[in-house]
Amino acid sequence: MSTMLSLSASYYSSSRLFSPFSSRSPLLFLTRPRRIPLSRTRRHLAVAASQRENGVFTSPEISKSFDFAAEERIYNWWESQGYFRPSFDRGSDPFVIPMPPPNVTGSLHMGHAMFVTLEDIMIRYNRMKGRPTLWLPGTDHAGIATQLVVERMLASEGIKRTEMSRDEFTKRVWQWKEKYGGTITNQIKRLGASCDWSREHFTLDEQLSQAVVEAFVRLHEKGLIYQATLKLQH
């Protein structure tokens, strides 16, 4: 193992690794070729290899195949260290992306994977530039879809929605949300999305509901939305 680390350290400390890439390469964010001190590189590789014992990291050098279980451990460590939480200083230039909230009833599909990947690229790029960066996560209540799912669940129990009061049905919807609503959030985490999960919101949270009501009231007062009787052609 020590021989492997020494060889790896020698390779990574060579300027040949960096010399082909200069400021013309936007992917490495290097302004000029540079050398990495051999002692520092060897120390970093040794730490990476030894972290397996602490349940944090699995070094590629000690496994014949990639250990996907390591991804979850690394992500949990990132989150526990607060790396996704920004520090907004007065006078700073923050970069913020509110996540388009996926339906709480759903599971990830290719569309989710695409927008999570693209937004994560922008978030990590601005974070690496030193800007206070916030990726605000959340989920959407998806009222109609949620109602249909809960109605099917009640039907399997021999209960019809029309036999329940509004409050009783609403209570069952919230119970379902608490039990099954975190699936898509956990899937987004497994993609490695660097969101600030301490700020996660649901579209029916009290604060967001008040904001929606306030927005509609203001639009009505300005005459931008109204209620009227219209004749529709069938």
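The following dialogue asks how some terms are applied to this predicted model.

Tutor: Residues are numbered from 1 along each chain as its sequence is written, and side-chain values use heavy atoms, with hydrogens and water left out. Because the model is predicted, local features need pLDDT of at least 70 and side-chain atom pairs count only at pLDDT 80 or more, while totals for chains, interfaces and linings use all residues.

Student: Why is Asp120 called buried?

Tutor: Buried means under 20% relative accessible area, exposed over 50% and partly exposed in between, with a 1.4 Å probe and protein chains only; Asp120 has 10% relative accessibility, so Asp120 counts as buried.

Student: What makes the pairing of the Asp120 and Ser194 side chains a polar contact?

Tutor: A polar contact is a pair of N or O atoms within 3.5 Å, where within protein one must be able to donate a hydrogen and the other to accept it, and residues adjacent in sequence count only if both atoms are side-chain atoms. The side chains of Asp120 and Ser194 are joined at 2.7 Å, and the contact therefore meets the distance limit.

Student: Which residues does Asp120 touch, leaving aside those up to four places away in sequence?

Tutor: With contact meaning heavy atoms within 4.5 Å, Asp120 touches Trp135, Gly192, Ala193 and Ser194.

Student: Why does Ala142 count as buried?

Tutor: Ala142 has 11% relative accessibility, which puts Ala142 under the 20% limit, so Ala142 counts as buried.

Student: What is the phi of Ala142?

Tutor: Although Ala142 is not a glycine, its phi is positive, at about 50°.
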